[in-house]
Amino acid sequence: MPIKRLRLIVQHLSFLILMYGGRIGIHLGPAVPCFSCPYVYYCGGNCYLMGLQGYIGFGISASQIWGFQGLRALFWLLIFVVLASALGRLWCGWVCPFGLISDWLTALRKRLGLTGLTFSPKLRSRLAPVKYVLLAYLALGPVLINLGLLHPDFYLPFCQICPGKSLLPLFEGETRYLTAELTNSVTTGLSVALMVISGLSVAGMFFKERFFCYFCPMLAIFRILEPLSALRLVKIPKYCHGCASCHRVCPMDIDEVWHSRDEGPVGADDCLGCSDCLASCSAGKALSLRFLGRELAASSPEASRGDKKIK
Amino acid sequence: MAGAVDTAPAAALNSHGEFGAYAMSLGPQTFLNSGLASREVRVEPLFGGGSLEGGRFEFYWHESQSSLGSPEPPKGQYVLVKNDSAEPLAKVTVGGYSRVEVTAKIMGGDGIVSYAQADFDIYAREGSSSPVSGDHPPKWPFFELKSDQPLYWPQTGQTFYISLKNFDAGPAPLSVWEEGGMVAVLTPDAGGLYTYVPPNDPKLDQMGTTATKRIVFTRPLAEGGTASLSLYVHRSRAEKRNLPIGLGIFGLSLTASASAFFLAIARGRPKPCP
């Protein structure tokens, strides 16, 4: 089966499981390394970013960090690290429901014949720190709340401004997270920020493939866990034709794969592991996807025509 | 408090002429290493009235549904926590998410018997529900609290229905108390049901979503004492949500962003050759 088609099938199956799995009793726990949003009532697993914020908040406030609560937090952290390391950025490119919505919007734009945006390397490098800033906000917010330095209504600070919270529940008909919450100045500010970010994200995802991924703190975590990743995209430059198709098809406009002259793992901060580069590459064996060193798929002239079978 | 006492039913005054009702206050929730959660409940004179001196206390607790308004039947049985103690406090421990009712009999130093009941939530991480063994309580006066709105937790703006069980006297008004004193007097409908909707509280709105305030319902007993129900409510989760404003901001943001992206694309297009 061609990689692109396989990816499309996996993406849609994942979407069904993570968005509606709860309705048939599927719940993968609170350590899912992608936007499987717990604000979707019947979701099939919870995005770890929510759990992480909760655990950080607990860790500072409780005296029982080495008790049940602390060990429980550690257990889910380990599960997350194992899941994130095993599949790496494939969670973003192949599993994330929010990523699939982005792909749908891009497909709609292409169907309408509208031109999309391309981000230059300079712009990409300027945007790169944003996801780390959001990760720091996500991690420090609960600490500041527990120290009394931040209003308690900032609880789960990243979730409060995550567009996944407002947009994903729409798929089960829930509009309550598209409301302005006018209870006090903090809830008003956060809900207005969420609406602004959600509007920006929808427009962004329509005009630019995977627009929100440039800012996603989960991608920042994947970058931090990169050394542990079992799954690698490997380039052998001697087979590369230098055609730049990997750059042209990349939803994140990454040019590092094209430019790399070193034999071995290749990637970039913003790589989503979507494998579009590998699927489009017509140079035999120039690019390959390897799990613990074992080749899962490799580029070839047939692959670029969509005939390549996954081993 | 004098004004509030004046408007309270006369039978709520104790033999010393004080307003002799008691309420229950909750301690902070603590997690045990097992994953169960525990909370201390304490009997106290309602807003300084009455006295605990020389009193004896008996506590029962009961794990009810997972949330108020849930259609599921109550989970556990009534369990004796403390029998004939001089200490006006008890501790309840549960596993899972539970709504808990604690009832105390207060044998006052002046010989007057009163009752205090509390209804609150405990959020434990793990563990099974309450023990099912234990003595059933005697037929104490009891406030049966219900709501037809299965909300996450009791909150302002929610409609509560209270019916009285094991009260000797016929229909009588129910006094509603908050921190500042008595706020309402409820009369029952033909079926003996009292209805109360706690109004929105601006002070509670300024606090975090987990903050609560206590509402105490009191009812005099024919024998001279008082029975009370202490209910802890959060701020309303839905009252201040405004969908049209939210959608409006979302739409504005979407339009402005789309226009900006569209302009950026148009500007970036190569110009046609002259």
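Colleague: How much space lies in the second largest pocket?

Modeller: About 560 Å³. This is a predicted model, so local features need pLDDT of at least 70 and side-chain atom pairs count only at pLDDT 80 or more, while totals for chains, interfaces and linings use all residues. Residues are numbered from 1 along each chain as its sequence is written, chains are lettered from A in the order in which they are written, and side-chain values use heavy atoms, without hydrogens and water.

Colleague: Which residues are closest to the centre of that pocket?

Modeller: A:Thr106, A:Lys110, A:Glu209, A:Val249 and A:Asp276, out of 25 lining residues. On a 1 Å grid over the protein atoms alone, a pocket is an open set of points with protein on both sides within 12 Å along at least five of seven lines; a cavity is a set where a 1.4 Å probe fits but cannot get out; lining residues have an atom within 4 Å of a point.

Colleague: Which helix gives the most to the lining of the second largest pocket?

Modeller: H5(A), with seven residues. Helices H1 (3–20), H5 (97–111) and H10 (245–249) of chain A each supply at least two; a helix here is a DSSP run of H or I, at least four residues.

Colleague: And how does that lining divide by class?

Modeller: Eight nonpolar, six polar and 11 charged.

Colleague: What about the second largest cavity, which residues are closest to its centre?

Modeller: The second largest cavity has about 120 Å³ of space. A:Cys240, A:Cys243, A:Cys246, A:Cys281 and A:Leu287 are closest to its centre, among 15 lining residues.

Colleague: Now the interface. How much do chain A and chain B bury between them?

Modeller: About 2900 Å², 65% of it on carbon and sulfur atoms; that is accessible area (1.4 Å probe) lost on being put together, summed over both parts. A:Phe68, A:Thr183 and A:Phe207 supply 19% of the area that chain A buries against chain B, more than any other three residues.

Colleague: How many salt bridges does the rule find across it?

Modeller: One. The side chains of B:Arg235 and A:Asp153 meet in a salt bridge at 2.9 Å, N to O; the cut-off is a side-chain nitrogen of Lys or Arg within 4 Å of a carboxyl oxygen of Asp or Glu.

How values were computed. Grid points are joined across faces, edges and corners, and a volume is the space filled by probe spheres set on the points. Ala, Val, Leu, Ile, Met, Phe, Trp, Tyr, Cys and Pro count as nonpolar, Asp, Glu, Lys and Arg as charged, and the others, Gly among them, as polar. Buried area is the accessible area (1.4 Å probe) that two parts lose on being put together, summed over both.
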